[in-house]
Amino acid sequence: MKSYFALLDHGRVKEEQAGDGRLYKLGAFRGGKVLYELVSAAGGGNEGSIKINRKEQAKGRRGLNIVVYSNDTKSVIDSVCFDICSPELTASR
């Protein structure tokens with residue numbers, strides 16, 4: 001299993017990394033008004049974090065964590081985790 005994260009804006013990939021070990025990215029969007037911090041570490045520890053304005057938004061479970069931020073409402077509108085290691089491929093909201 002590889003570590004992976006991506007940041008999309010209007011369907012376009014703005015940031016993307018994949019690899020072994022721990023991946024980390026700190027940045028901003030909306031003209032620097034919204035800060036984000038992304039962490040992905042598959043394997044030992046299975047760490048995953050998606051922070052927006054220093055607040056954890058990811059479900060913090062093993063698997064593929066997705067957070068949806070709306071530029072219209074200026075807020076997180078959804079957060080879900082898909083356990084891609086489970087045969088059932090369970091989803092948690």
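**View 1. An open sheet of three strands in the predicted model.** The strands run in the order β7-β8-β9, and their pairing is antiparallel. β7 (64-70) and β9 (91-92) each have a single partner strand and stand at the edges, so one side of each has no neighbour in the sheet.

**View 2. The pairing of β7 with β8.** Seven bridges join these two strands in the antiparallel sense. Within the pair, L64 is placed opposite F82 of β8.

View 3. S79 counts as buried because its relative accessibility is 11%, and the cut-off for buried is under 20%. From its side chain, S79 reaches the backbone oxygen of Q57 at 2.7 Å. Apart from neighbours within four places in sequence, the residues in contact with S79 are Q57, A58, K59, I66, V67, S92 and R93.

**View 4. The largest nonpolar core.** Twelve residues make up this core: F5, L7, L23, F29, V34, Y36, L38, I50, I52, A58, V67 and Y69. Two or more residues come from each of β1 (3-9), β3 (22-29), β4 (34-41), β5 (47-52) and β7. Of the elements, β4 gives the most, with three residues.

View 5. When residues up to four places away in sequence are not counted, V34 touches G27, A28, F29, I52, N53 and Y69.

Notes:
Residues numbered from 1 in each chain as written. Predicted model: local features only at pLDDT ≥ 70, side-chain atom pairs only at ≥ 80, totals over all residues. Heavy atoms only, no water. Buried < 20%, exposed > 50% of the residue type's maximum accessible area, 1.4 Å probe, protein only. Polar contact = N/O pair within 3.5 Å; in protein donor to acceptor, adjacent residues only side chain to side chain. Contact = heavy atoms within 4.5 Å. Pairing = 2+ DSSP bridges. Helix = DSSP H or I, 4+ residues; strand = E, 2+ residues; numbered from the N terminus. Core = buried A, V, L, I, M, F, W, Y, C linked by side-chain atoms within 4.5 Å.
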